[in-house]
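Here is a short briefing on one protein model and its ligand.

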Amino acid sequence: TVITSDIDALSREVQKFAEFKQQQIANLHLRENYRRDFLGNVSHELKTPLFTVQGYLLTLADGAMDDKKISKKYLKRANKGVERLISIVKDLDLISKLESADLVLNKEPFNILELVQEVFDLLEMKGKKRNVSLHFNKHYIFPIMVIADIEKIEQVLTNLIVNAIKYSKKNGTIMVSIEKMEPKVLVKVIDDGEGIKAAYLPRLFERFYRVDQSRSRDQGGSGLGLSIVKHIIESHNEQIFVKSEFGKGSEFSFTLEKEKVI
Ligand code: ADP
């Protein structure tokens, strides 16, 4: 009986090991497919603006250059294409840094109210250009100290507020609200812009996903902004949420760790 039970135990171990290896292989396949899809998406995304730029340059070389007014218009459009390429490459660079195995989060305590104000100051002009006003609940007298990688959270706030501006309506309002949700802090970016239909919400944080391709392109979007936001928040072990009503506006919110006061 000793031998049978030993054999049984051994066969169970072998079975477990085989299942583990099968799972490992399945994961590798998944990663390989994901990598292939990603490469396909990247080249597709780069191709569109590259062909646009090439088109304008060829037309200019074919004679459009002789007309000063047209040349100016085409050069401006070609430059827009180059700007889009730069924005895609910058975001890809950021993603590859974020996904590298040795990504270190430089967590430190900072006042989230101050960071929101700084991002507002940087984006004020962008908002004014689209006639959008930025508001912030400053009723807190004391600082709200959180612990996170300040540069990365600045990136998150920037991406969310830039989106709120990009997808705003004329004379829209953007509100950033910081709320205590013990033991966390909840940061909300609320806009009264075009909103997103419920059916599109589940895919919103995927790379290169856009609800409206042409609208996003017009706004100089890379389709990577929200995937970067999600990656940063999740690498902090925090959560990100989205609520939206089509035609009315959207609310993106994320949690942060509150600094413990000893
Ligand atoms: P993009 O560069 O296209 O803005 P993102 O990853 O930042 O890429 O966003 C993905 C898509 O989500 C956008 O193309 C847009 O359709 C939608 N979206 C993001 N933020 C908002 C918002 N505040 N209001 C409405 N739609 C939004």
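The largest nonpolar core has 49 residues. A nonpolar core here is a set of buried Ala, Val, Leu, Ile, Met, Phe, Trp, Tyr and Cys residues joined through side-chain atoms within 4.5 Å. Buried means under 20% relative accessible area, exposed over 50%, and partly exposed in between (1.4 Å probe, protein chains only). The model is predicted: local features need pLDDT of at least 70, side-chain atom pairs count only at pLDDT 80 or more, and totals for chains, interfaces and linings use all residues. Residues are numbered from 1 along each chain as its sequence is written, and side-chain values use heavy atoms, with hydrogens and water left out.

**Core**

- Residues with the most contacts inside the largest core are I112, I153, I161, I178, V187 and F254.
- Helix α4 gives this core its largest share, eight residues. Helices (H or I, at least four residues) and strands (E, at least two) are DSSP runs, numbered from the N terminus.
- I112 touches I144, V146, I153, L157, I178, V187 and L256, leaving aside residues up to four places away in sequence. Contact means heavy atoms within 4.5 Å.
- A second, separate core has six residues, among them V53, L60, Y74 and A78.

**Ligand site**

- The ligand is surrounded by 19 residues, each with a heavy atom within 4 Å of it. The closest are N163, Y167, S216, G223 and L226.
- α4 (150-166), α6 (225-235) and β7 (249-258) each supply at least two residues of this shell. The largest share, three residues, comes from α4.
- By class, the shell has nine nonpolar, seven polar and three charged residues. Ala, Val, Leu, Ile, Met, Phe, Trp, Tyr, Cys and Pro count as nonpolar, Asp, Glu, Lys and Arg as charged, and the others, Gly among them, as polar.
- L226 uses a backbone N or O atom, 2.8 Å from an oxygen atom of the ligand.
- Taken alone, the ligand exposes 530 Å², and the protein buries 98% of that (Shrake-Rupley method, 1.4 Å probe).

**Two residues to look at**

- S253 lies in strand β7. It is buried, at 4% relative accessible area.
- Contacts of S253 are L186, V187, K188, Q239, I240 and F241, not counting residues up to four places away in sequence.
- E259 sits in the segment after β7. E259 is partly exposed, at 28% relative accessibility.
- E259 touches P109, M145, V146 and I147, again not counting residues up to four places away in sequence.
- E259 and A148 are 111 residues apart in sequence, yet 9.4 Å apart in space, C-alpha to C-alpha.

Methods
A polar contact is a pair of N or O atoms within 3.5 Å; within protein, one must be able to donate a hydrogen and the other to accept it, and residues adjacent in sequence count only if both atoms are side-chain atoms.
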